[in-house]
Amino acid sequence: MAIKSRSICADGKREMTMDEFMRWMKRFDADKDGRISRQELAEAVRVSGGWFARLKARRGVRSVDRNGNGYIDDNGKREMTMDEFMRWMKKFDADKDGKISREELAEAVRVSGGWFAGLKAKRGVRSVDRNGNCYIDDSEIKNLVEFAEKHLGVRIFHL
């Protein structure tokens, strides 16, 4: 079902197909790298008449950027080696104690664009934590891989 590109909805919004939208967004790819940065998205929001362009762009990139590279691109799933995964998870270790708490795991779910971050983190810690200390430590990281692949949009290569 194709939507006419020139039609205007009752709420004043322009309708377009996905292909038309992709072509429209490419106009804002200033450095022509095939990705949309936060600044480029803010410009698209400004041109379309949106308010609070920087805030909306920050939220937009955060919610869409599944691979964590800070851009909107075609690569929807973050792919990494086990070492890269461990380094990425350590970024969420806010208190630098070497363990991932439920709150820290919830932040990883949020950053990855997941919904119900608190609930998923609670279930994740419960399913991964083998020693019952309510934290995910280095000995339980392999269990975390399954959780990450299922809930964080991550694919981990075992080299």
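Mentor: Let's settle one term before we start: a crossing is right-handed if the near helix is turned clockwise from the far one by less than a right angle. Keep in mind that this is a predicted model.

Trainee: Which handedness does the crossing of helix 6 and helix 7 have, left-handed or right-handed?
Mentor: Take helix 6 as residues 117–128 and helix 7 as residues 141–151. Apply the clockwise test to that pair. The crossing comes out right-handed.

Trainee: And how is helix 6 oriented relative to helix 7, roughly parallel or roughly antiparallel?
Mentor: Their axes come within 9 Å and cross at roughly 150 degrees. Angles over 145 degrees count as roughly antiparallel, so helix 6 is, relative to helix 7, roughly antiparallel.

Trainee: Which residues in helix 7 meet helix 6, and how do the contact residues divide by class?
Mentor: From helix 6, the partners are K120, G124 and V128. On the helix 7 side they are N143, L144, F147 and H151.

Trainee: Switching to cavities, what volume does the largest cavity have?
Mentor: With a cut-off of 30 Å³ or more, the count is one cavity. Its lining includes M86, M89, K90, I136 and D137. The volume of the largest cavity is about 80 Å³.

Trainee: Which helix gives the most to that lining?
Mentor: By class, the lining has five nonpolar, one polar and four charged residues. Three residues come from the top contributor, residues 82–90, which is helix 4.

Key:
Residues are numbered from 1 along each chain as its sequence is written. This is a predicted model: local features need pLDDT of at least 70, side-chain atom pairs count only at pLDDT 80 or more; totals for chains, interfaces and linings use all residues. Side-chain values use heavy atoms; hydrogens and water are left out. Axes are lines fitted to C-alpha atoms, for helices over the stretch in contact, and angles run from 0 to 180 degrees between N-to-C directions. Helices (H or I, at least four residues) and strands (E, at least two) are DSSP runs, numbered from the N terminus. Angles under 35 degrees count as roughly parallel, over 145 as roughly antiparallel, 65 to 115 as roughly perpendicular and the rest as oblique. Contact means heavy atoms within 4.5 Å. On a 1 Å grid over the protein atoms alone, a cavity is a set of points where a 1.4 Å probe fits but cannot get out, and a pocket is an open set with protein on both sides within 12 Å along at least five of seven lines; lining residues have an atom within 4 Å of a point. Grid points are joined across faces, edges and corners, and a volume is the space filled by probe spheres set on the points. Ala, Val, Leu, Ile, Met, Phe, Trp, Tyr, Cys and Pro count as nonpolar, Asp, Glu, Lys and Arg as charged, and the others, Gly among them, as polar.
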